[in-house]
Every structure is written in structure tokens, then in C-alpha cells.
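Please have the sequence and the model open while reading.

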Amino acid sequence: MATSTFDTLLQKIETRAARAGVIGLGYVGLPLAIAVARSGFAVTGFDIDPSKMVALEARRSYIDAVSDAALAAEIDAGRFQATTDFAGLAACDVIIICVPTPLTKHRDPDLSFVEATSRSIAAHLRPGQLVVLESTTYPGTTDDIVKVILEGTGLKSGADFFVGFSPEREDPGNQHYHTATIPKVVAGDGPEALSLMKAFYGAAVSTVVPVSSNATAEAVKLTENIFRSVNIALVNELKTVYAAMGIDVWEVIEAAKTKPFGYMPFYPGPGLGGHCIPIDPFYLTWKSREYELPTRFIELAGEINSAMPRYVVGKLAEALDIRAGKALSRSRVLVLGLAYKKNVADIRESPSLRLIEIIEERGGRADYHDPFVAEIPPTREYQALKGRRSVALMPDAVADYDAVLVATDHDSVDYAAIAKSAALIIDTRNVFNRLGLSADHVIKA
């Protein structure tokens, strides 16, 4: 039975006769769905958001990594369709879970989306399916939660169906790599599941990197993001120390990175953003408690990075006091950039939202400009900011603000014009110095 089920599914994958289902058509799911469709598979995308269905029906992409033309090509070729009806999972041979894995307010993993999705799959599970989790999580989630929920149907992993994990590696705004060219780590619950994972992903991406277990693959993703979190925390801490000494951390980094070995540059900022780095390390710190092992290094990095927005607002208040003789509580501030990184529209976990919140907690008024984010959408933590709109960067309008706080250094912004119009600039990205626009009213923070 097991061999027959495995062989049948493997043949479907190798001949592109398998239908893939991608659950969660966001920053990870939609690019993956289109990459899989391009490789020759029929793909059904599933999402609970009706507005996404409206956009996709109109062949309009809402994700920068997928162009309207690329989306339309796969729809018109009959290789991609989208629905809110999860009954269609029964027709899928490969099912990929790409749903959010946020933290609770107590920084514990919130796996409610993974659990609910697994139950939806279980309701339509049949023999001969491969179920893959791509959502970032702690080691053990795939086997201890997804597999267990699916086996609650009476079907058995490795005999009737197969389970695997492959961590997503999306990088919004990256012009050098896309879904099909980023090496893909894959793992499975047993050798047959791993073989299916290698065959399926090997058809869609250029390089597949197999590892020994689902838990190992889950740990790979956490390690990648913890590496970045810790190193960014290091330079953020160095920024505060060197600033007290009158040393420019940006100049230090530029000189240090000329060393051709043993050093990799990371850069400070106003805090961490995105769907991974501010969140994922805490999945490991939570899991480590089960083994009574401390994760002081990881937790300290999280504390340092989380403190950056308040540090930046402190520098803003100090500069307003010293240079303008004005309290932050009586000041109007323009936050430049709402997205968490340059040249994208992604505001997930963006420190800009926290900056606005802190400024207004201290009595100031904060507006924002972002060429990619016309209006602040609903967010879990910043409901009060919903609906605020980006203001225009007209010289007279910029001059009316007591300070401009650069939180995200989008390339399309006219920084020279801002340098001329703004009374005071707080630069958390070193963009003015980088462009040769250093001036006495530009303060690094």
C-alpha cells in the first residue's frame, strides 16, 4: 500500500500531472504558486480573503514579487486559479501551507493559523497526498502538530499520505533572487516523503537542499533569522555606544567591511521589521523552555532591537530641544517611510508604526510619507493608525514640520529637496551622508 501510494504520487509529480494547492496567497504563497505553475503544474490557490480573489480574478497582483503580466500568463494558460472554497483541496496532490505564524502579546508562538489550516486539510484528506508546511515555526511543529492533526483522520503519514517541511525564503524587493532561484531546503517525514519533496521542489526551483528531518529544516529557518537578528542587534548597540563617544558607527562599518575575511557588514536602523526577523527568534526561545535551556543571547538581541524605536525618538526629542528649543510634545514630525525596508510596500512589523505611536504618546503629532504605501491598512497592534494617508512631499509642506524622521530610505525620494526644505532631519539610515548631502541640520540616530 505504502509503495503503491508513493510510486503513484511520485509519477504524478515527475510527469507534472500532479495538482498543487497553495494555502495562503500572501508574500510567500502567491510567488510560490506562480513559480510552481511556471514549472508546469496546475495550481489552485486558497485564501480566506475575498479581496484577494477579486484582485486575482482581475489579473491584478497585490504582491511586488509577482507582476500583473506573470499572473495573467499563468491564469490564461490554465495553470493557476484561486478560490476561497477549501473543498478544492481534495483534488490537490500536493498541498502547501503558507499561513502566518505570529507571536502572542506575551511573545509565545501563535500557531492558530497553522492548526486551523491543518484541520481544513484533514477535512478533505485522501490517500496519495503530500502536505507541506512552509510557515516559519519552532522545531517539531510539522511532526507534532500538522502530522498529528492529519492522522486524526485515521490515515497514516508515510503510508496513506506524506508530510514535509520547506522553509520559505522570500525577500521582498530583492532584484537579484526570486522564488525559483533561491536554494530550497526540504525535509520529509521519512525517506519517501523526502523523495517526494525533492521531486516536487526540484521541478520548480533551481537548487534543492535536502536535510535529515522536518525538525532540522525548521531549525535552519530559525538559524538564518536569528543570525540576522543578533548581528543587527550588535550594530544597533554599537551605534548607541559609539554615538556617546562621538564616533560615527556608519563610518566604522564602511571601514570594517574592507577586511576581505572574517567580517560581514550589518547595518543599524530604527528597529526590526518584516514577517521574520522580529518574530522568528522568539519561536526558539519559547521551545527551549521545554528543555530548561536559556537563550539569553537571542533574547538580549530581541530586547536591543525592540528598544530602537524609543531610542530614535529620544534622539529626535533631544535634537528638537537643543536645535529648535522646542519640546517634542509641541512638535509636528514627518516620518519618511512606512514600509519596513526600502523600495517595497510591506509594512509588516515595521518600526515606523511604533515610531509614530511613541511620538504621539509623548504629545507630538506624526504624519508620514511613503511612495509605496498610500494608506495605513488595518494592523493587529496599531488599529488607531488605520486609514491615515501618506502626505505629499511638497517643499512648503516639508518646511512646516519641525522635523523629518527618516525611517526607510526609499530610492525614489528626492532627498536633496528634503535637505533644502526641512528644518531638522533625523536620519536612521545614513541616506543623506551616503548621497553626499550631509549638513549641520542632519542628525544621525
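## Domains

Which domains does the domain assignment of the chain give? The assignment gives domain 1, residues 5-212, and domain 2, residues 228-444. The model is a predicted one. Taken over C-alpha atoms, the centres of domain 1 and domain 2 lie 34 Å apart. Domain 1 brings 20 residues to the contact and domain 2 brings 19 residues.

## Interface

The size of an interface is often given as the accessible area lost when the parts come together. Between domain 1 and domain 2 the buried area is about 1,700 Å². Carbon and sulfur atoms give 56% of this area.

One salt bridge is found across the interface of domain 1 and domain 2. Three residue pairs are in polar contact across this interface. On the side of domain 1 that touches domain 2, ten residues are nonpolar, four are polar and six are charged.

A salt bridge is formed by arginine 289 and aspartate 108, with 3.3 Å between the closest N and O atoms.

## Serine 166

Serine 166 sits in the loop between β6 (162-165) and β7 (184-188). Is serine 166 buried or exposed? Serine 166 has a relative accessible area of 0% and is therefore buried, the limit for buried being under 20%.

The side chain of serine 166 makes a polar contact with the side chain of lysine 184 at 2.7 Å. The serine 166 side chain also reaches the backbone oxygen of valine 185, at 2.7 Å. Leaving aside neighbours within four places in sequence, the residues in contact with serine 166 include Val132, Leu133, Glu134, Met197 and Tyr201.

Note on methods:
Residues numbered from 1 in each chain as written. Predicted model: local features only at pLDDT ≥ 70, side-chain atom pairs only at ≥ 80, totals over all residues. Heavy atoms only, no water. Domains from an automatic or database assignment. Contact = heavy atoms within 4.5 Å. Buried area = accessible area lost by both parts, 1.4 Å probe. Salt bridge = Lys/Arg side-chain N within 4 Å of Asp/Glu carboxyl O. Polar contact = N/O pair within 3.5 Å; in protein donor to acceptor, adjacent residues only side chain to side chain. Nonpolar A, V, L, I, M, F, W, Y, C, P; charged D, E, K, R; others polar. Helix = DSSP H or I, 4+ residues; strand = E, 2+ residues; numbered from the N terminus. Buried < 20%, exposed > 50% of the residue type's maximum accessible area, 1.4 Å probe, protein only.
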